[in-house]
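Biologist: I am new to this structure. Could you take me through it, one question at a time?

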Amino acid sequence: MSTNAVKRTGGAGQSGDKIFSGASLLAGCLILAALFSVAVFLIIEALPVLGEDPAEITGGQGFFSYIFPIVIGTIIAAAIALLIATPLGIGVALFISHYAPRRFAQGLGYVIDLLAAIPSVVYGAWGYAVLAPQLALAYAWLAENAGWVPLFEGPASQTGRTILTAGIVLAVMVLPIITSLSREIFLQTPKLHEEAALAMGATRWEMISMAVLPFARPGIISAAMLGLGRALGETMAVALVLSGGGLTASLITSGNQTIAAEIALNFPEAYGLRLAELIAAGLVLFVITLAVNVIARWIISRHKEFSGAN
Amino acid sequence: MANATLTPRRSQLTKGKMPSYTLWVVLAGSLVLGAALAALVGFSLVPWALFSALIFIVAGTAATGVIEGARKARNRLAMFLVYGAFLVALLPLLSVIWTVLERGLPGLTYNFLFTSMNGVTGAIDNQTVEEGTPVLGGAYHAIIGTLQITLWATLISVPIGLLAAVYLIEYSTGGRLARAITFFVDVMTGIPSIVAGLFAAALFGQLFGPGTRTGFVAAVALSVLMIPVVVRSTEEMLKIVPNELREASYALGVRKWRTITRVVIPTAISGIASGVTLAIARVIGETAPILVTAGFASAINWNVFGDWMSTLPTFIYYQILTPTSPTATDPSTQRAWAAALVLIIMVMLLNLVARLIARLFAPKTSR
């Protein structure tokens, strides 16, 4: 689109052009500035933590030993969520793209997208009031029969409000992300590859494993990474579901805590140094999710160049 | 004679294939076996379904393997797992919707919608439980807060998001700045909501002194979450506006900004509006950023620039985590679920409106 001819006419309206293009440029820059200032303001507010005497920090042993257990807790919860949601999400995406009858496929896609529309606090309330009591029974059984595995060491939580429950709720929340992204990729598989495989006598599963999945692998990885970013930063589900505590290996006792839930639970009453600690924790979370997202986006953009050929 | 040669050929075609009723038989068998196994651990619906499903998957695969061979068996197993994944994914959705309806409907009264929690104390809730009087107090203040904060967030994000998308599509030539904006908009969609809240709290803490918590701070936090969504959806919509329209407008001597505001945006407006509605639906349910920016109020507050505010999500959160009466939690739980129902209805309505806008006001492409 060449606009040189328009520019040359001059006269009335030229200032309108300048103002409008200036405003849109400004808006674009404002977004960059916003992201930049997120980092800057978090750093400014978190700085008091660095110069402080380690004994003053919560836990009494400096910021690192305060943040370390909750970083691990965050990773555990997100890992559980991904371990459940990735295979499930791929399955659901395959169902919608390759198994469901054509007529229903789009409607079923909407249904799964509804999962994404439910607010996180409602998931939290559901996990707290419905899922946790159900799982408490399973945890009691696990502690009795599989207690020798460190992951299932007793005593099992009576309320079921454990990191495993929180991870399951998180899995439900990231499922629609993984599903919708993988579905997009599956639908982009070159039709000729699929038809060639079927024409050679491959069964449907062989067609999927030979044509669809290899094509979609980078997309699935990045979908899982984006789901990971969501799971790492999700607050309310964990804050409501998990009855937190110190770091433990067992998934079925109360204990562990995630960064986001730690902030949400303590921020309303925090002031002074405690406030700085929580903001520093938020900064750590920001850096972790930023890294995860950047990697995911990088994989997607690299993949785009490859798939542009078809 | 023709029949005589056809009949063996047909059976040749279906040879080695399971009769279509086989899987139903296997299903019936696994339901019975599953019931028997479930009875061992104390019969209830969940173990029954679980055991039956496992038995069905194993037995169905095995039957296929014996009759049709290993490749078909793998195919069948994959089919079972894919169908199973979809059914499993539906469970939480159904469970959440059922729970919210079942527990929320009793509390959804006129009184709940149009009174605040002002003056509702633990003693009143205790009385409700002991004497069976109706549950007092409601979410009116939270509904007002939700609408106010979301409105302000929309007022901030829509102009910025729209203009940024216009810059990316209409003005930029794919230079470094445009690529940086696109990339960071993508990255911004992944910012944890609580970090956005902390950012707004830190920003206003620096500007107006620590502990500044008002509805407007929350609106800024929500804008951080909303802007990338608006930019992405607007960008997609502007991209599909045909270039011929722009060129026809230029050919008539119309200036670029007039072309954009009079031709390009009106063409894409249905998609943009539905994208904005979806963005609103996304942020209206956010809890964590409100928690750290707007505080918590139990009285009605119309002023976003002063005093603490409550929204539906924070209302739900506090009613569950810190019930009004620690000894009699039932009224608080009932209020929380009723609020959850109101919130879900709002979100679903917004989603529906977005779909309707996209469908009703879509530009007519056929000639």
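Predicted model: local features only at pLDDT ≥ 70, side-chain atom pairs only at ≥ 80, totals over all residues.

Biologist: Is A:Pro176 buried or exposed?

Modeller: A:Pro176 is part of helix α7 of chain A, residues 163-188. Burial takes 20 or more other C-beta atoms within 10 Å. A:Pro176 has 25 of them, so A:Pro176 is buried.

Biologist: Which residues does A:Pro176 contact, leaving aside its neighbours within four places in sequence?

Modeller: A contact needs C-beta atoms within 7 Å. With those neighbours left aside, the partners of A:Pro176 are A:Ile112, A:Asp113, A:Leu115 and A:Ala116.

Biologist: How far apart are the end C-alpha atoms of helix α4 of chain A, and what span should its residues give?

Modeller: This helix covers residues 62-99, which is 38 residues.

Biologist: Where in α4(A) does a kink lie?

Modeller: Look shortly before the proline A:Pro87. The bend there is about 30°, and the residue is A:Ala85.

Biologist: Which helix gives the most to the side of chain B that touches chain A?

Modeller: In the contact between the chains, 75 residues of chain B meet 70 residues of chain A. On the chain B side, the top contributor gives 19 residues. By class, that side has 56 nonpolar, 12 polar and seven charged residues. The helix is α4 of chain B, residues 70-104.

Biologist: What gives the largest share of the largest nonpolar core?

Modeller: This core has 197 residues. Among those touching the most other members are A:Val122 and B:Phe199. The largest share is 17 residues, from α4(A).

Notes:
Residues numbered from 1 in each chain as written. Chains lettered and ligands numbered in written order. Helix = DSSP H or I, 4+ residues; strand = E, 2+ residues; numbered from the N terminus. Buried ≥ 20, exposed ≤ 12 C-beta atoms within 10 Å, placed from the backbone. Contact = placed C-beta atoms within 7 Å. Expected span 1.5 Å × (residues − 1). Bend = angle between axes of the 7 residues up to and from the residue. Nonpolar A, V, L, I, M, F, W, Y, C, P; charged D, E, K, R; others polar. Core = buried A, V, L, I, M, F, W, Y, C linked by C-beta atoms within 7 Å.
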